[in-house]
Amino acid sequence: MWERGMKHGWGTCITANEEEYTGDWVDGHMEGAGMLCNYRTGEAYVGDFKKSKYHGLGKFVKKNGDSSLGYSENGKYLLASMFFNKNV
């Protein structure tokens with residue numbers, strides 16, 4: 001959806017640098033719950049966003065399938081509370 005010429009509401013956007021975001025948008029920013037996948041690196045993040053940055057609880061998934069559940073603020077990963085190895 002669009003509002004005042006900006007992405008607003010629930011939707012999906014695929015960028016030229018091979019990233020796909022599906023989730024909430026507010027005033028053109030990724031905001032709230034969403035999923036960001038990078039097709040070049042094979043990595044993904046599922047969780048909370050604020051002003052298009054990781055912010056809050058989320059799960060990072062690496063290309064090899066390993067993942068971690070943790071907390072981010074202003075785009076910086078601060079605390080991982082659990083690690084998951086796809087082979088265990």
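Is Ser72 buried or exposed? Select Ser72 to find out: at 1% relative accessibility it counts as buried, where buried means under 20% relative accessible area, exposed means over 50% and partly exposed is in between (1.4 Å probe, protein chains only). This is a predicted model, in which local features need pLDDT of at least 70 and side-chain atom pairs count only at pLDDT 80 or more, while totals for chains, interfaces and linings use all residues. Residues are numbered from 1 along each chain as its sequence is written, and side-chain values use heavy atoms, with hydrogens and water left out.

**Around Ser72**

Ser72 belongs to strand S8 (residues 67–73). Helices (H or I, at least four residues) and strands (E, at least two) are DSSP runs, numbered from the N terminus. Next, show the contacts of Ser72 (heavy atoms within 4.5 Å). Leaving aside neighbours within four places in sequence, these are Tyr54, His55, Gly56, Phe60, Tyr77 and Leu78.

**The aromatic residues**

Rings of Phe, Tyr and Trp (its six-membered ring) pair if their centres lie within 6.5 Å; planes under 30 degrees apart count as stacked, over 60 as edge-to-face and the rest as tilted. By this rule the structure has 8 aromatic pairs.

One of them joins Tyr21 and Phe49, edge-to-face, with 5.1 Å centre to centre and 80° between the planes. Tyr21 lies in strand S4 (residues 19–26) and Phe49 in strand S6 (residues 43–50), so this pair ties together parts that are 28 residues apart in sequence. Both Tyr21 and Phe49 are buried.

Phe60 and Tyr77 also form an edge-to-face pair, at 4.3 Å centre to centre and 75° between the planes. Here the link is between strand S7 (residues 53–61), which holds Phe60, and strand S9 (residues 76–84), which holds Tyr77, so parts 17 residues apart in sequence are tied together. Phe60 counts as buried at 19% relative accessibility, whereas Tyr77 is partly exposed, with a relative accessible area of 34%.

Now select Tyr21, Trp25, Tyr45, Phe49, Tyr54, Phe60 and Tyr77 together: they form one aromatic cluster.

**The salt bridge**

How many salt bridges does the structure hold? There is 1, a salt bridge being a side-chain nitrogen of Lys or Arg within 4 Å of a carboxyl oxygen of Asp or Glu. Select Arg4 and Asp27, whose side chains meet at 2.6 Å, N to O. Arg4 is in the loop between strand S1 (2–3) and strand S2 (6–7), and Asp27 is in the loop between S4 and S5, so the pair ties together parts 23 residues apart in sequence. Arg4 is exposed at 60% relative accessibility, and Asp27 is partly exposed at 34%.

**Arg40 and Asn17**

Move to Arg40, in the loop between strand S5 (29–38) and S6. Not counting residues up to four places away in sequence, Arg40 touches Asn17 and Glu18. The C-alpha atoms of Arg40 and Asn17 are separated by 8.0 Å.

**The cysteines**

Finish with Cys13 and Cys37. The structure holds 0 disulfides, a disulfide being a pair of cysteine sulfur atoms within 2.5 Å. The sulfur of Cys13 is 13 Å from the closest cysteine sulfur, in Cys37, too far for a bond. Cys13 is buried at 19% relative accessible area, and Cys37 is buried at 14%.
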